[in-house]
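Colleague: I am new to this structure. Please take one part of it and go through that part closely, after a few words on the whole chain.

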Amino acid sequence: MEDSESEKAFSNRDIYTGKFKGILPHGKGKYAWSDGTVYEGDWEEGKMTGKGQMIWTSGAQYVGDFSGGYLHGFGIFTGPDGSFYQGCWRMNIQHGIGKKQYSNSDIYEGSWKEGVHEGNGRYSWNSGNTYVGSWKGGKMCGRGVMKWDNGDLFNGFWLNGLRDGSGIYRFADGGYYFGTWSRGLKDGKGTFYPAGTKHPSLKKWGSSLGYYDDGKGLLSGSLINSEGKARQRVKRSVSEKYSGGGVLRNSSRISHKCTSLDKNWTHLDPPKELLMYGSSCTLSHNSEDGNQEVEDNNCLIYEREYMQGVLIKEKVKNSTDLLKKGKQRKIISVQEAKNSCIDFLRGNRSYYLKLNLQLGIRYTVGKITPVPVREVRSSDFGERARIRMYFPRKGSQFTPPHYSIDFSWKDYCPMVFRNLREMFKLDAAEYMMSICGDDGLRELSSPGKSGSIFYLSHDDRFVIKTLKKTELKVLLRMLPSYYCHVGEHENTLITKFFGLHRITLKTRRKVRFMVMGNMFCTELRIHRRFDLKGSTIGRCTDPDKITENTTLKDLDLPFEFHMDKLLRESLFQQISLDCKFLESQQIIDYSLLLGLHFRAPENLKAFSQPPDTMHNHESSPTGDGVNLGEFSIPPKGLVLVTHEPGSVSTAPGPHIRGSTLKAYSLGDQEVDLLLPGTGRLRVQLGVNMPAQANHKLPQDEAVSTDVELFEFYDVVLYMGIIDILQEYNVKKKLEHAYKSLQHDPLAISAVEPKLYARRFISFLEKVFPNIA
């Protein structure tokens, strides 16, 4: 029962004037804290709940909904710095749909989460720049459109506030660049269309990003209007509590409702809205329909390739030739579509194999993980060391129902691979979720002639490859020795195996799989990939078939790599140990898989950066170099620094295992790799290894025939020894070698494992020459 209105002074000099319920404020009332903060509004059993207004001594003011002593619901907050927020709140934190005008006149309207921009929204800078799209953690992340005040426009993907992924850059003069970006820099292949040149359908490209004509794209559905009001159900999440003091400090009750707001909120597709600002900034629809006239003197287009923002290759082509090629591709695609109907079952089979593989691995890992850890025994490698299970579609006593086809599952040497995964420090739950998660596996085209099917886990950590029966036998035979080798040599470069499985379908068709670590699972972009054997027979790639993801061969490698003395010694010491192991197992025809990440000097990066966009953008370390009068020494693209465990991640990944390497240049100390503007990485054998790539220019490019010219690049190397399941076969290799002798005198070395290892190491010593 409510008491009549009265006034009560507390011992801490706070004063409450209003209605009570017993001894607790209840109903309408005004509470004044001793520091000058005042709340006036609704109360419920001692807590601010309902409508009210709070004014702080700093000048900040809030008018709106309260619940359990918190700003909770819809309200308007005016900050002491002149900022203004109108929208949803949750426990004193901006959470939901809202609009904020900052003190510098920047405006954001859209979705908030835990006080930062998260979801879909529009940010307008006082400089005139505007971004409409996805946000995460307060930064532009996902798909979105940025329009700069100079008329330039970018439509594509973002990550941590920078362009990252595929996109279109539309210049103010009407030119277009279709390509890919990495951390704000052009990185990879792309095509530039000057103003007035016909270009591919932007409408089609936009639909691939999720921008559809029906308004149901990724960014549609945001509820935004000019007044910044919202109607949204607030989802539950953990948030930090901020309390003023007195009654508010002790508040703990939480209300999960969000008051219905103004009816003027409408559905809006942010990217479409931005693209409709006017003809001066829209992506031309005339060019999409093929109606745009092309001037004869401006019909050249440019195929370009960038590395870290630096243009390294450019080809000039005629736009009409590309249009003809486009028509040819359309014809081919139609034919392929017809053939795909004939090959329908084959495509389905690949889909079912992926599902079966996920079901089997989930079953095996779940069955073997609870078994107490113990040392591997000889019996764990034997014929009886198998897990077998039948998976009917409708389920059984031991297996769940599923949407695939009936199959039988066999898991080879489960205890051995369980111990290997723990040796490689892979968590069982993470391993299972990476391969068996809802995002599934994606199929890759085979990079070689093996005819194997390759799958990649959704997080790129693991590669799954189908095996021939002979390869399965080789792996099982060498598994005991392999287990000992990787146990004794934590820095081994040999492929890391995590599982070996077989699926048998109703047709009695047997498919064998092995799970491996992906050595190119790295936060850095891999610009070039090479498969090196040390041979010249068929070891080149057709230049017309080379794409960004092509794995090149020995004769395609134009570089030699100069490394720190100690790093090189560690590398070749391990390569020698690994080759001796493969030689002991009678293995030949293996390769060094090499990945290159190129680094551009910081002074060149500055020319490719877009105008400033974020008001709170954290600028990268500057690269001004060392000034020597009128000359300037540009900074390096990478730097070795003394290893600091707290500054880098030391948790091994699927391809990372072993000690931190020592560098001669830093006094034989363990080192990290510092990448200006990117981060700090731990240097390990085959992972994050810095080097200088030297490229000798062809003679016709040199200024003088008496002088040899070189190009130098800072690179980060990733490498591992792969294809280790080709067993020595005397008769077959002798026939192959003698047939090849007229082309490659070194081919005779392929008939004997010891000679193959010697040739392999000799070739790599030329690729990584020893320098003083």
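Modeller: Buried residues account for 49% of the 772 residues in the chain. The model is a predicted one. Its chain holds twelve helices and 41 strands. Of the contacts in the chain with a separation of 6 or more, 54% are between residues 24 or more positions apart.

The part to look at closely is an open sheet of seven strands with antiparallel pairing. Read across, the order of its strands is S23-S24-S28-S29-S27-S26-S25. At the edges are strand S23, residues 386-391, and strand S25, residues 441-444, and each of these pairs on one side only. On average, and with direction ignored, neighbouring strands of the sheet are turned by 25 degrees against each other.

S23 is paired with strand S24, residues 407-412, in the antiparallel sense, and six bridges join the two. Met389 is found opposite Trp409 of S24.

Two helices pack on this sheet. Helix H6, made of residues 414-423, touches S23, S24 and strand S28 (497-505). The direction of H6 makes about 145 degrees with that of S28. Helix H7, residues 428-436, also packs on the sheet, where it touches S25, strand S26 (454-457), strand S27 (462-467), S28 and strand S29 (510-517). Between the direction of H7 and that of S27 there are about 65 degrees.

Helix H9 covers residues 565-584 and helix H12 covers residues 753-767; their axes come within 9 Å and cross at roughly 165 degrees. The two helices are therefore roughly antiparallel to each other, and the crossing in which H9 passes H12 is right-handed. On the H9 side, the contact is made by Arg568, Phe572, Ile575, Ser576, Cys579 and Glu583. H12 brings Pro753, Lys754, Ala757, Phe760, Ile761, Leu764 and Glu765 to the contact. By type, the residues in the contact of H9 with H12 are eight nonpolar, one polar and four charged.

Gly677 lies in the loop between strand S38 (669-675) and strand S39 (679-682). With a relative accessible area of 33%, Gly677 is partly exposed. Gly637 is 40 residues away from Gly677 along the chain, and the C-alpha atoms of the two are separated by 9.3 Å.

Key: Residues are numbered from 1 along each chain as its sequence is written. This is a predicted model: local features need pLDDT of at least 70, side-chain atom pairs count only at pLDDT 80 or more; totals for chains, interfaces and linings use all residues. Side-chain values use heavy atoms; hydrogens and water are left out. Axes are lines fitted to C-alpha atoms, for helices over the stretch in contact, and angles run from 0 to 180 degrees between N-to-C directions. Helices (H or I, at least four residues) and strands (E, at least two) are DSSP runs, numbered from the N terminus. Angles under 35 degrees count as roughly parallel, over 145 as roughly antiparallel, 65 to 115 as roughly perpendicular and the rest as oblique. A crossing is left-handed if the near helix is turned anticlockwise from the far one by less than a right angle, and right-handed if clockwise. Contact means heavy atoms within 4.5 Å. Ala, Val, Leu, Ile, Met, Phe, Trp, Tyr, Cys and Pro count as nonpolar, Asp, Glu, Lys and Arg as charged, and the others, Gly among them, as polar. Two strands pair if DSSP finds at least two bridges between them. Buried means under 20% relative accessible area, exposed over 50%, partly exposed in between (1.4 Å probe, protein chains only).
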